[in-house]
Amino acid sequence: MLPGSLYVAWHERYGKIVKFSGAFGHQVLSITDPRAISFILSEEPYAFPKPRGVRAWFEATLGKGILWVEGKEAHEKQRRSLAPALSQQSVRNLTPIFYETSARLASQWLAIIDQGQGDKAEIEVTNWAGRFASARYHRRAAFTYDFDCLAGEPHPLAEALDGLTNNENKASSFYMRALFWIFPSILSIGKKGEMIRRTKQELGDIASKMWREVKVTGETTDKTVMALMLKADGSMSEEQIVAQMRSTISAAYETVSAVIAWVLYELSRHPTIQDSLRAEVSTAGDPSLDILNSFPLLEAVLKETLRLHPAVIENHHEAAKDIHVPLSEPLPGTSELQFLIPKGTILSFPVNVIQQDPQIWGDDAHLFRPQRWLERKAKGIRADREIFSFSEGPRSCIGRAFAVAEIKVLVVTLIRQFSLSCRHEIEAFQSFVIRPRIKGQGPSSLPLVVRKI
């Protein structure tokens with residue numbers, strides 16, 4: 001069963017609001033109604049915090065950072081401390097580092113090909129996507145620390161992050177996902193609990209070392225994420241800094257690595273689109289961030305990948321009080337344009353259903369067709385919510401510009417030097433995020449044939 005397929009079936013049958021029972025009978029509402037989603041996420045975001053099990057997960061793995069914090073005042077304070085470091089201008093300043101490290105990954109692929117007999121080799125892309133997202137590339141740009149994950153050797157941080165979330169086919173992971181909503185203490189039990197503690201410790205050790213180095217060397221005038229964060233809020237304690245750094249590192253590894261893998265997979269399946277994209281980005285030198293963002297097909301390929309392959313397939317919240325929520329259309333059998341959500345109800349926004357709604361995207365909504373974005377732009381069509389992968393409202397992903405820039409830089413770097421093809425049947429499976437794997441196998445895997453151009 002593909003990730004999210006139950007949500008697709010339920011919403012096709014029952015409409016935009018679906019009620020079901022989770023483990024031990026806790027009530028869950030799956031919502032795709034656009035008016036309800038906007039109200040919950042944009043108009044009353046602090047009336048719908050993360051469920052306690054989700055917060056317990058973030059606290060156990062990352063600490064009390066931006067992904068954990070709740071309450072308007074506390075959340076806005078943490079977001080203000082991170083905002084300058086992840087702004088468009090900050091990303092523009094860091095783009096040359098993105099190119100430098102993307103080139104390093106490309107050189108590793110060239111070395112693998114040169115070890116063989118010809119001009120191509122089959123390369124396990126998910127491994128390199130993970131290294132790219134957790135390594136020197138992102139962290140050097142963020143925190144002046146060289147993780148050196150692109151050297152091709154095993155790295156304890158990448159292994160810890162991968163071990164925590166890339167074995168979700170195991171029974172222990174299934175039961176933990178099912179029960180931690182009700183019993184957050186389950187996160188400390190057994191081998192999974194050991195993995196959680198190991199990951200938090202590994203991230204914490206690195207973060208503390210970087211924080212102390214910045215304090216000693218006085219690098220707060222630098223333009224890295226960490227330096228800008230300290231400059232924005234010099235009162236942050238080491239514990240607060242470490243929690244934010246854990247959150248940034250983990251978010252980068254999970255979501256960015258998954259999106260990179262899916263972009264490269266879709267390009268490998270669509271050689272004509274791949275060739276057109278290569279022609280579009282084959283300019284002299286490394287394009288600036290502004291030029292990168294002006295490439296229409298590159299933008300369309302990334303948006304279409306995010307639409308079809310959202311890294312996080314469910315967005316969860318919990319009603320903090322009894323509250324009436326507006327609707328765009330009445331529930332079946334009623335004429336009311338609102339409904340009551342009782343306190344304690346878990347809310348789920350199925351991103352895959354929202355982003356593949358045929359009423360918005362047409363009968364080919366299930367197909368990878370980047371041209372749809374070019375057609376929509378030419379016709380002046382723009383929906384209020386085109387991509388939900390980064391959520392929306394005050395609690396939307398603060399690192400969106402950073403993530404989009406690093407993915408675009410890597411895709412441009414690789415597509416200029418290599419052609420990609422895939423000779424395996426690939427399926428999606430649910431790890432912590434939605435990853436690709438060879439059909440029927442366990443952990444994530446995406447072997448692509450990489451040929452030198």
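Ala, Val, Leu, Ile, Met, Phe, Trp, Tyr, Cys and Pro count as nonpolar, Asp, Glu, Lys and Arg as charged, and the others, Gly among them, as polar. The model is predicted: local features need pLDDT of at least 70, side-chain atom pairs count only at pLDDT 80 or more, and totals for chains, interfaces and linings use all residues. Residues are numbered from 1 along each chain as its sequence is written, and side-chain values use heavy atoms, with hydrogens and water left out.

**Exercise 1.** Describe the lining of the second largest pocket by class and by element.

Step 1. A pocket is an open set of points on a 1 Å grid over the protein atoms alone, where a 1.4 Å probe fits, with protein on both sides within 12 Å along at least five of seven lines; lining residues have an atom within 4 Å of a point.

Step 2. The lining holds 25 residues, and Leu 2, Leu 308, His 309, Gln 356 and Ala 428 lie nearest the centre. Helix H1 (5–14), helix H12 (238–269) and strand S9 (426–430) each give two or more residues. H12 provides the largest share, four residues.

Step 3. By class, 13 lining residues are nonpolar, seven polar and five charged.

**Exercise 2.** Determine how strand S7 (residues 346–350) is paired and covered.

Step 1. Strands are DSSP runs (E, at least two residues), numbered from the N terminus, and two pair if DSSP finds at least two bridges between them.

Step 2. Strand S2 (residues 27–31) pairs with S7 in the parallel sense over three bridges; Val 28 has Ile 346 as its bridge partner. Strand S4 (residues 314–318) runs antiparallel to S7, joined by five bridges, with Asn 315 opposite Phe 349.

Step 3. Five of the five residues of S7 are buried (under 20% relative accessible area, 1.4 Å probe, protein chains only). Ile 346, Ser 348 and Pro 350 lie on one side, Leu 347 and Phe 349 on the other.

Terms used
Buried < 20%, exposed > 50% of the residue type's maximum accessible area, 1.4 Å probe, protein only.
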